[in-house]
Amino acid sequence: MAEPVSTSTLIGSDGFELHPADETAILEQLKHYEQPQAACIDALKIVQRRHGWVPDDAIPAIARVLGIGPGAVEGVATFYSLIFRQPVGRHVVLVCDSSSCFLTGFDELKQALVNELGVDYGGTTSDNRFTLLPVCCLGACDGAPALMIDNDTYGPVTPDDLPRLLEGYP
Amino acid sequence: MSQSIPSQRQSTQYRSRLLQPETERSADTHPLTWRLRDDGEAVWLDEYLRKDGYQSVRKALNEGDPQAVIANMKEANVRGRGGAGFSAGLKWSLTLQGGDMPRGYLICNADEMEPGTFKDRLLMEQQPHLLIEGMILGAYANNSFYGYIFLRGEYVESARVLNRAIDEAREAGWLGPDINGSGFDFDIAVHTGAGRYICGEETALINSLEGKRANPRAKPPFPGQSGAWGKPSVVNNVETLCNVPAVILNGADWYQGLSGDRTKDGGTKLYGVSGPVEKPGLWELPMGTTGAEILERAGGMRDNRQLKAWLPGGASTGFLLPEHLDLPLDFDTVGKEGSRLGTGLLTVVPQEMSMVALMRNLEEFFARESCGWCTPCRDGLPWTVKLLQALEHGQGEEGDIELLDKLAADCGPGLTFCAHAPGAAMPLETALRHFRHEFEQGVGKPRGEAHEDPIPVGQV
Ligand SMILES: Cc1cc2nc3c(=O)[nH]c(=O)nc-3n(C[C@H](O)[C@H](O)[C@H](O)COP(=O)(O)O)c2cc1C
Ligand code: SF4
Ligand code: FES
């Protein structure tokens with residue numbers, strides 16, 4: 001016989017507490033908008049800044065602060081590519097795979113990244129240091145091929161540049 | 001040495017830059033960039049005011065006639081620089097205002113994610129006050145009480161510069177209540193995104209701003225009738241808004257004259273080139289400058305390669321050929337060649353590049369970035385990628401090319417909710433037309449592994 005399913009088992013809410021500073025930061029965002037749902041993406045980013053990613057348990061917690069349903073938050077959290085729903089490494093490498101980079105050495109750069117890090121897209125190095133992901137045109141096409149590490153944009157980057165570039169992110 | 005940054009981290013750090021020195025730029029001829037500094041540092045408020053900053057706001061608010069701002073913009077015919085080329089003045093004249101209509105929003109589209117496009121970044125990082133000035137004028141004309149700069153999340157430096165400039169402007173009374181003693185109130189917030197190209201589509205952008213999934217909305221109603229939170233909302237590109245102050249200050253005739261007799265579109269344009277050229281970069285040039293002139297500024301093709309084809313304004317524009325290099329790059333002329341001016345930043349393709357491989361790369365982008373609402377886009381684009389992968393590996397089947405024709409046609413204008421799918425179709429359709437033989441070379445072998453290549457999403 002089927003057990004009744006509570007929403008908390010669908011989207012677990014146990015064991016996650018919003019950091020008070022994060023809750024304050026989220027509430028601070030509300031003043032920019034007519035309705036609280038608008039702060040949803042900001043809220044997800046605030047949580048991600050602290051934890052590196054957005055665990056499932058954070059969803060109802062954010063929903064509660066915003067006064068909206070968890071489904072609305074989950075829908076948003078799964079749509080946007082820069083909201084991470086799995087743990088990532090300490091640093092995220094976003095390599096641009098769009099056209100101008102493709103025309104100026106993306107394939108070699110991507111291969112060198114895979115060799116250097118030992119992981120492919122979506123993978124995290126075993127020392128938990130880097131996660132590798134593709135990204136749309138970084139708007140740095142005059143410096144193609146380009147990539148971002150955390151908040152820093154680099155380009156043009158050659159495979160030879162990689163070891164020393166990555167060194168800057170312990 | 002824990003504070004030290006490895007030198008490599010410095011030397012490859014990307015910085016947005018204009019490849020025209022100050023000596024080549026003047027207020028009369030370079031309304032978008034004349035104030036930019038050769039050292040690439042941002043022009044902050046003091047310097048901006050010394051360089052005639054906010055004079056257009058002073059003028060317009062003194063005159064006290066918002067409709068005159070719209071009339072000026074209509075006459076100048078400033079065409080949208082986000083890619084579609086719609087007249088900003090005309091758009092503004094259609095915004096609902098007056099009567100019981102609540103004041104609405106002025107939204108700057110700073111989502112810049114069109115592959116091959118890197119112009120709005122320069123304007124935001126080095127001259128934030130010009131954008132703010134343009135937004136104040138836009139808000140005044142459209143009776144907007146609040147403005148958002150919808151900025152892609154990856155533009156960390158733009159966010160830093162814009163936020164500081166907004167604070168400066170507010171402190172000096174250019175934002176906030178009773179701007180410059182005029183009785184007009186307006187303020188701006190920077191809203192940063194979290195990825196996804198589709199956020200740049202104006203109605204998807206509004207959904208995203210409201211904290212929802214970025215699916216486009218059906219039109220009508222247009223944003224000017226019912227946009228963010230149901231209020232009249234005007235969405236304009238960064239570069240479009242940066243054109244407004246000079247139009248208001250110097251007039252429509254002057255603006256029209258900037259492009260001389262090159263084209264009937266007035267003004268200047270931030271043109272650029274990327275791909276294998278000697279000096280990829282950005283320049284402010286008269287509207288209607290030719291591809292040949294721009295390519296020459298870029299020093300021509302790198303290592304004496306041959307130019308095979310080029311995209312005039314991003315991934316969602318159609319391929320042009322070397323024979324098109326002498327056409328004036330304006331909206332109508334490029335449109336007549338089966339392409340679009342788009343963002344006006346050229347992407348060059350060298351002779352040795354396989355058009356099949358390049359199309360595969362482009363369609364991977366469009367397939368990944370589909371919002372999933374319409375079938376031809378959501379299902380047709382991954383199918384297109386699979387066919388291109390097969391052709392690229394020489395494993396295409398008879399009929400594959402005709403199927404590509406059909407998939408492209410199914411994504412044509414008017415068949416889907418937004419212009420993402422037509423954007424995916426245009427480069428494909430033009431590549432199939434101009435370079436069909438390259439696709440045909442991929443046909444003839446049995447189907448095999450190639451079909452199993454994944455589309456590189458790699459989301460976590
Ligand atoms: C898929 C898609 C992505 C778009 N991305 C952008 C963008 O990043 N920036 C932009 O200004 N316009 C973008 N646009 C165009 C906008 O929908 C809209 O036309 C534009 O912001 C209007 O401003 P303008 O008239 O000043 O150009 C995009 C359109 C589509 C269909
Ligand atoms: S055309 Fe594509 S991106 Fe646009 S609404 Fe339809 S599915 Fe979404
Ligand atoms: S295509 Fe890679 S930065 Fe634009």
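Which polar side-chain atom lies 2.8 Å from an oxygen atom of ligand 1? The legends below begin with that contact.

The structure is a predicted model, in which local features need pLDDT of at least 70 and side-chain atom pairs count only at pLDDT 80 or more, while totals for chains, interfaces and linings use all residues. Residues are numbered from 1 along each chain as its sequence is written, chains are lettered from A and ligands numbered from 1 in the order in which they are written, and side-chain values use heavy atoms, with hydrogens and water left out.

**View 1. Polar contacts of ligand 1 with chain B.** The atom asked about belongs to B:N237, and it lies 2.8 Å from an oxygen atom of ligand 1. An N or O atom in the side chain of B:K91 is 3.3 Å from an oxygen atom of the ligand. The backbone takes part as well: a polar backbone atom of B:G200 is 3.2 Å from a nitrogen atom of ligand 1. The protein buries 90% of the 620 Å² that ligand 1 exposes when taken alone. A polar contact is a pair of N or O atoms within 3.5 Å; accessible areas come from the Shrake-Rupley method with a 1.4 Å probe.

**View 2. The shell around ligand 1.** There are 19 residues around ligand 1, and B:G82, B:N109, B:N236, B:N237 and B:T240 come nearest. A residue is near a molecule if one of its heavy atoms lies within 4 Å of it. Strand β4 of chain B (residues 233-237) gives the largest share of the shell, three residues. Helices (H or I, at least four residues) and strands (E, at least two) are DSSP runs, numbered from the N terminus. By class, the shell holds five nonpolar, eight polar and six charged residues. Here Ala, Val, Leu, Ile, Met, Phe, Trp, Tyr, Cys and Pro count as nonpolar, Asp, Glu, Lys and Arg as charged, and the others, Gly among them, as polar.

**View 3. The surroundings of ligand 2.** Ligand 2 is surrounded by 13 residues, the closest being B:C371, B:W373, B:C374, B:C377 and B:C418. Nine residues of this shell are nonpolar, four are polar and none is charged.

**View 4. An aromatic pair in chain B.** B:Y140 and B:F184 form an edge-to-face pair, with 5.1 Å from centre to centre and 85° between the planes. B:Y140 is in helix α7 (residues 128-142), whereas B:F184 is in the loop between α8 (156-171) and β3 (187-192), so the pair links parts of the chain 44 residues apart. A search of the whole structure finds 17 aromatic pairs over all chains. Rings of Phe, Tyr and Trp (its six-membered ring) pair if their centres lie within 6.5 Å; planes under 30 degrees apart count as stacked, over 60 as edge-to-face and the rest as tilted.

**View 5. Backbone details in a loop of chain B.** The peptide bond from B:P220 to B:P221 is cis, with omega near 0°. B:P221 is placed in the loop between α9 (202-209) and β4. B:W229 is found in the loop between α9 and β4 too, and has a positive phi of about 50° although it is not a glycine.

How values were computed: Polar contact = N/O pair within 3.5 Å; in protein donor to acceptor, adjacent residues only side chain to side chain.
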